[in-house]
Amino acid sequence: MTERARDRTRLVGLGLSALFVVLAGKGGYLAVSSTPARAHSVAKIDAPVRADIVDRNGELLATSVTAYSLVANPKLIWDAGDVARSLTSVFPDIQVADLTENLSNEAREFVYVKRGLTPRQRKAVFDLGLEGLRFEEESRRAYPRGTLAGHLLGYTNVDGKGIGGIEYALDSQLSRGGEPVRLTIDNSVQSAVESELSAAAAEHDIQGGAVILMDAHSGEVRAMASWPPVDANRALELKRDDAAQLNRATGAVYELGSVFKPFTVAAALEAGAIKPTDLFDVKTPMEIRGYMIHDLHPIGGPASVTRIISESSNLGTVHINAKLGPRRQKAFLEALGLMDRAPIELAGSAKPILPERFDDLSAATVSYGHGIAVTPMSFLDAFSAFANGGERASPTLVMDETRKVAPVRVMSALTTDMVNVMMREAVVNGTGKRADVAGYGVAGKTGTAEKPVDGGYDDTRNVTSFAAIFPYDRPQYALIVTLDEPKAGAERGDTAALNAAPTAGRIIERVAPLLGLAPHFEGVRPAGAELRSASDERSSL
């Protein structure tokens, strides 16, 4: 062999040796390994774990769990396209071209491939044995009860930052870790409420709905449900326009209809504009600036204030409001908080839609719940005063004495008692019969409102509600049920008396024992018996 040939052989040998070293270096790096993460990853592991969220009894609603993200170092990847294509066997949704481009950028040493891997996905990737990849441990949010209180809890993004519900509202507190945040809701009560709302959704084919149950004495919300429900574990997968994204209890405004009538009567009684014994003409339709006001089911002859509430007369309510006047009406609604968003912890609490001005026409329609749109939470905040002796307690979702605000008196206890007697009559003999629950004495009011459209209202689409206080003889809790576009059908109708009221009754029947309320069957007033004030009724028990 010549000297030149031997030199060539040595050069080839050296080249092959170098190539072997490079290949050995590539293959020797276990991309999918449990080796310690780099400095920026360690910071994530050492950061405070987000605090848990629990119900009032300490039962878990949200917690942080260890999860893994798949990351890559492009400088250690031999064939970016091959790695990207191989990963589609585990993650079919991966965009191969985009990932190939990212993995080919050797100017970078860190690229996220996939975050929040399941244990099965992690093992599958590990078994592929691809170069340049590794797992990075991080903390992820988990909601062990699925859809329970999903809208109320909200959720976090992939970086663990709250972007909805309590997770967003208390993000700073939760991100510091430490003691769990304790909510005012009760898991068992919340579950019962959500179950009945889902049953109503199925029975009446609703577009949406909301239920809120509140302790009127403390302002503590004991249950808040919105339909369609949302699973906080999967909330990031929802499209922006998905109906489940909206918390209808606090984020949707509705014209709620006749549930506003007790406010009108209370304002007029409080101002001395009317007496409970006054009679009003509810037979002759009234015209206000070309707008005709009448009752769908007219009451023959003069009607008492109680009958106007019990049988839900629009015409009678307008006559009562005419004695009150727009100025005093508006002041009363402001005192009830109905002219602003509900003071609840959730950031999505929506503002009401109000009349441009309170003239004679808008005052008339607002008196029976048209021409003003509010959230169910805002309405219940105001309505709860009927279960608290005329005082309005600010609603809250968090068990924290430092957050509570002193109740504000909006009407006298006497006015409250008188209106409660009327609402009890509405349940015993009026439009709310299907809401009554033996042993708990429900008092409340139905509301059916046509949905507004450009230039008027759509008489084929309703929003129905039932607002209640219970137990009647010792009021403590306030409830609102709102159903958006219930459908009429065999043995069911699209009015509140036929859907929202019975839904409220079923809810009260289920939750009253869970709230520690014992049924009381003494002193039940027979239908048609003489009406007395609530205080007189209570004194005889």
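Helices here are DSSP runs of H or I with at least four residues, and strands are E runs of at least two, numbered from the N terminus. On that basis, this predicted model has 18 helices and 16 strands in its chain.

**Whole chain**
- The chain has 541 residues, and buried residues make up 52% of them.
- Take the contacts between residues at least 6 apart in sequence: 72% of these join residues at least 24 apart.
- The accessible surface is about 24200 Å². Carbon and sulfur atoms account for 53% of that surface.

**Helix 10**
- Helix 10 spans residues 261–271. Nine of its 11 residues are buried, so the rest of the structure largely encloses this helix.
- The buried residues are K261, P262, F263, T264, V265, A266, A267, A268 and L269.

**Nonpolar surface patch**
- V158, I163 and L236 make a nonpolar surface patch of about 230 Å².
- V158 lies in the loop between helix 6 (150–153) and helix 7 (165–169).
- V158 counts as partly exposed because its relative accessibility is 34%, and that class lies between the buried limit of under 20% and the exposed limit of over 50%.

How values were computed:
Residues are numbered from 1 along each chain as its sequence is written. This is a predicted model: local features need pLDDT of at least 70, side-chain atom pairs count only at pLDDT 80 or more; totals for chains, interfaces and linings use all residues. Side-chain values use heavy atoms; hydrogens and water are left out. Buried means under 20% relative accessible area, exposed over 50%, partly exposed in between (1.4 Å probe, protein chains only). Contact means heavy atoms within 4.5 Å. Accessible areas come from the Shrake-Rupley method with a 1.4 Å probe; for residues, only the protein chains shown count as cover. Patches are made of residues with over 30% relative accessible area and no salt bridge: like charges are joined within 9 Å, nonpolar side chains (Val, Leu, Ile, Met, Phe, Trp, Tyr) within 5 Å. A salt bridge is a side-chain nitrogen of Lys or Arg within 4 Å of a carboxyl oxygen of Asp or Glu.
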